[in-house]
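My entries follow the order in which I checked them.

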Amino acid sequence: MKNASQEYSPTMTEDYSRISDTARAVNAEVLPRMASYIRRISPKIAAMSADEVFVIADYGAADGVNSSELFEAVIRRIHEVNPALTIKLVYIDLADPADFETFWATSALAKLKHVEAQYIQRSFYEPFPEIRGKLQISFSSTALHWLNAKTVGPDYFCHPLCIQPNQLPDSERRKFVEKWKADWRSFLQECSRSLVKGGALFFANLANLGDDRWPASPGYNNLRDICQELCAEKKLSKAELNAIFIPDYFATPHEMSGLLDEDDLRRCFAVNAVDPMTIPCAYFSKAQDKLDDPQERSMLAATLAHVVRAWSESSMRIGLHADNKELIDEIYRRLQGKFYEKPEGLPYQYCLLELVKK
């Protein structure tokens, strides 16, 4: 059983210190939408004075790298309309600010004129008085599937066999669906308070597209199987197996549309897009024709295990007893072995959302 003082605070490792192929693919889909939005509000941009600030936020930004090329392209389009306009980039994440500061010091964004940045180390479910009524554009990618762990007790994220809500049958998954709805209502309500009238949200929200097509499902399922194996070998207690759980949920596009159609949110936002999209696994795509080569197969397995560890380790550690933390390395060694035995891609299923504040 988890100690009540332990809290889930999912963070990314140094694997996120470079822009990923997945992020570039998402950016390629989002940029035309943002560019179209900028064209629509160009009269407002042109009319903004030198003492006004155009605010753009990245929710769940990690160190800021993955959105950097997108933001650079967006800023150039804004400055084509109003070259002297100050643009403030607000990065929001639980991660240590040091990683962002390292990125920003040498980034192309930092070299642009009339651009400034602020890093806020906070959950995106919290209030943001710093940008209340100032936010023009918000963006998020591969972040908004995390549930708000601060609003439930330490035993909420537990299961004797599974480690993630999307693995559960409908009857057991229902409480996580309802929690996702409650979390997202509060998040979108806070976004509405931050946004100016006509401000826009662009979210590449990881999604469940059905038939086990939810993001990185081979990674989650392999981790589940490994934990069960370790428990059978008496290396992991039943209490630990029950407590190991990753507190995220991948909603379906239908669930997202249904939430956005609720009266309070419909009064607040115009919904311009709810578009499903799949991005193939960049690592598997490059290696799938070379899997007969043991070296290539081994390199792919190591890469896939490394990527899964980046987003899962902080959550997996929560369930382990204090005197059993060294088992974490064994878990990911076994994960690499499973990917070697059965190479599988980690495709990313998304639902691209574009909302505009009425």
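Predicted model: local features only at pLDDT ≥ 70, side-chain atom pairs only at ≥ 80, totals over all residues.

Residues are numbered from 1 along each chain as its sequence is written, and side-chain values use heavy atoms, leaving out hydrogens and water.

I counted rings of Phe, Tyr and Trp (its six-membered ring) as a pair if their centres lie within 6.5 Å, calling planes under 30 degrees apart stacked, over 60 edge-to-face and the rest tilted. On that basis I found 29 aromatic pairs in the structure. I then looked at Tyr37 and Phe202, an edge-to-face pair at 5.9 Å centre to centre with 70° between the planes. Because Tyr37 lies in helix H1 (residues 21-40) and Phe202 in strand E5 (residues 195-206), this pair ties together parts 165 residues apart in sequence; helices (H or I, at least four residues) and strands (E, at least two) are DSSP runs numbered from the N terminus. Tyr37 counts as buried at 1% relative accessibility, and Phe202 does so at 2%.

Next I checked Phe157 and Phe245, which are stacked at 6.2 Å centre to centre with 25° between the planes. Phe157 and Phe245 are both buried.

Last, I noted a cluster linked by ring pairs, with Trp180, Trp184 and Tyr249 among its members.

Notes
Buried < 20%, exposed > 50% of the residue type's maximum accessible area, 1.4 Å probe, protein only.
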